[in-house]
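Okay, thanks everyone, let's get going.

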Amino acid sequence: MPEPEAEPIRPLSGLPGPIRVRVPAKINLHLAVGPLRDDGFHELTTVYQAISLYDQLTAEPAPALELAVTGEGADDVPLDGSNLAARAVYALAEATGRSPNVRLTMRKGIPVAGGMAGGSADAAAALVACDALWGTGLTRDELAETAAELGSDVPFALYGGTALGTGHGEVLSPVLARTQRHWVIALADGGLSTPTVFAELDRLRGTGRPPPRTAGHDALLRALRDSESAPLAKVITNDLQPAAISLRPALRRTLAAGVESGALGGAVSGSGPTCVFLAEDREHAIRVAAGLAGLGVCRTVRTAHGPVPGARVI
Ligand SMILES: C[C@@](CO)(OP(=O)(O)O)[C@H](O)COP(=O)(O)OP(=O)(O)OC[C@H]1O[C@@H](n2ccc(N)nc2=O)[C@H](O)[C@@H]1O
Ligand SMILES: Nc1ncnc2c1ncn2[C@@H]1O[C@H](COP(=O)(O)OP(=O)(O)O)[C@@H](O)[C@H]1O
């Protein structure tokens with residue numbers, strides 16, 4: 001006879017227990033930046049991939065909205081209403097008529113201001129956590145509508161995987177990418193501000209020698225369907241890379257060091273300054289990471305794989 005299903009354990013207070021959510025970083029395998037629009041955003045075509053570098057966020061009821069942050073770069077994360085996770089709580093509370101009184105604890109594993117969408121990840125995690133805590137029962141597509149108001153990268157952090165982003169990055173469509181890829185990540189000292197990097201690209205485009213523009217994304221989509229990684233490495237492109245290098249010339253050396261260490265190819269991740277390199281497999285990634293670490297061109301080196309799912313209750 002099957003065992004009767006166990007009753008869920010509830011704390012004695014009767015309040016729901018803490019909800020813990022794990023959320024991945026993103027990298028951009030293709031990032032084509034179009035013209036600056038009237039709303040201050042650039043038209044964008046990007047292919048995102050979620051990789052196994054995570055933030056963890058816990059939400060529980062509290063007398064008021066409270067924030068705590070630990071881990072990688074925690075000192076650079078705001079603890080007021082400008083924190084993207086706090087903004088997500090307020091937005092969801094308003095949309096669903098709930099009280100925003102929760103305590104959020106974030107453990108950062110995603111570098112702050114690193115071009116890996118760590119703040120966006122925390123916002124997506126806060127939406128998923130509060131949805132579970134408050135029992136609002138919204139679908140991921142409904143959560144994505146609130147997510148898009150918080151930042152261009154926030155909807156992608158909800159879904160994860162590999163996806164094409166258009167509009168200013170918030171309009172998503174799935175991309176077929178079944179092969180697991182292995183990445184080496186060079187984390188830099190200090191971050192780069194996303195709006196400053198976009199502004200630098202506009203400045204460079206206004207000079208007599210504008211940086212070349214990324215072509216269409218068809219070659220990248222084809223390479224993602226190929227189980228070999230070498231063809232993919234050849235078509236990874238990022239229009240923001242020249243702007244990130246212009247603001248942080250040392251990145252040129254980091255990019256060269258990844259290739260010297262045996263990577264198939266690499267690029268600046270989004271607005272930088274993190275650089276990501278593609279390897280053949282896990283063992284190759286570990287060898288590239290060791291070589292890169294020995295060259296002293298970055299603060300620290302990690303390995304990760306992708307694609308992985310988006311923000312999930314654990
Ligand atoms: C560049 C990308 C690439 O995925 O990510 P990061 O590398 O920063 O993580 C994104 O486009 C960033 O997304 P996100 O970090 O959510 O930026 P947002 O909060 O939406 O926008 C911050 C600011 O960046 C500029 N911005 C952002 C997106 C866009 N398509 N055009 C822009 O010009 C605008 O100045 C905007 O006010
Ligand atoms: N929860 C958060 N985690 C990290 N940064 C945050 C958060 N909330 C707000 N920020 C602010 O957002 C800026 C960009 O951070 P982040 O999203 O990590 O970088 P990027 O846009 O380069 O991917 C940081 O400099 C920080 O001031």
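Predicted model: local features only at pLDDT ≥ 70, side-chain atom pairs only at ≥ 80, totals over all residues.

Is Asp-153 buried or exposed? It counts as buried, because 28 C-beta neighbours fall inside 10 Å and the cut-off is 20 or more. If you skip its neighbours within four places in sequence, Asp-153 is in contact with Lys-26, Ala-117, Ser-120 and Gly-169.

Now over to Lys-26, which is in strand β1, residues 19-36. Lys-26 is buried too, with 30 other C-beta atoms within 10 Å. Not counting residues up to four places away in sequence, Lys-26 touches Asp-153, and also Tyr-48, Gln-49, Ala-50, Met-116, Ala-117, Phe-156 and Ala-157.

You'll have noticed Ala-117 in the contacts of Lys-26 and in those of Asp-153. So let's look at Ala-117 itself, in the loop between β4 and α2. Ala-117 has a positive phi of about 60 degrees, although it is not a glycine. Ala-117 is buried as well, given its 32 C-beta neighbours inside 10 Å.

That loop between β4 (102-108) and α2 also holds Ala-113. Again not a glycine, Ala-113 has a positive phi of about 55 degrees. With 20 C-beta neighbours inside 10 Å, Ala-113 counts as buried, and the cut-off for that is 20 or more.

Ala-113 takes us to the ligands. Ligand 2 is surrounded by 20 residues, and the closest are Leu-84, Ala-113, Gly-118, Gly-119 and Asp-122. Which helices come into that shell with at least two residues each? Those would be α1 (84-96) and α2 (118-134). The largest share is from α2, which gives 4 residues. By class, the shell around ligand 2 is 9 nonpolar, 9 polar and 2 charged.

And where does ligand 2 lie relative to the domains? Domain 1 (19-174) and domain 2 (181-306) both give residues to its shell, so ligand 2 lies between them.

On to ligand 1. There are 20 residues around ligand 1, with Gly-151, Ser-152, His-168, Pro-195 and Gly-270 coming nearest. Here β1, β2 and α5 (194-205) each supply at least two residues of the shell. Its make-up is 6 nonpolar, 13 polar and 1 charged. Domain 1 and domain 2 each put at least three residues into the shell around ligand 1.

Okay, stepping back to the domains themselves. The chain is divided into domain 1 (19-174) and domain 2 (181-306), and their C-alpha centres lie 23 Å apart. How many residues does each bring to the contact? It takes 23 residues from domain 1 and 30 residues from domain 2. On the side of domain 1 that touches domain 2, the elements giving two or more residues are β1 and β2. That side of domain 1 divides into 14 nonpolar, 9 polar and no charged residues.

Next, have a look at helix α6, residues 218-225. Its buried residues are Leu-220, Ala-223 and Leu-224. They're on the same side of α6, because they cover an arc of only 100 degrees around the axis. On the face turned away from that buried side, you'll find the exposed residues Asp-218 and Arg-222. What covers the buried residues of α6 includes β1, β2 (42-61), β5 (162-166) and α7 (230-234).

One runs from Gly-272 to Pro-273, with omega near 5 degrees, and Pro-273 is in the loop between β9 (265-268) and β10 (275-279). Another joins Gly-306 and Pro-307, with omega about 5 degrees. Pro-307 is in the loop between β11 (300-306) and β12 (312-313).

That's my tour, so over to you for comments.

Definitions and conventions:
Residues numbered from 1 in each chain as written. Chains lettered and ligands numbered in written order. Near = placed C-beta within 6 Å. Nonpolar A, V, L, I, M, F, W, Y, C, P; charged D, E, K, R; others polar. Domains from an automatic or database assignment. Buried ≥ 20, exposed ≤ 12 C-beta atoms within 10 Å, placed from the backbone. Contact = placed C-beta atoms within 7 Å. Arc of directions from axis to C-beta.
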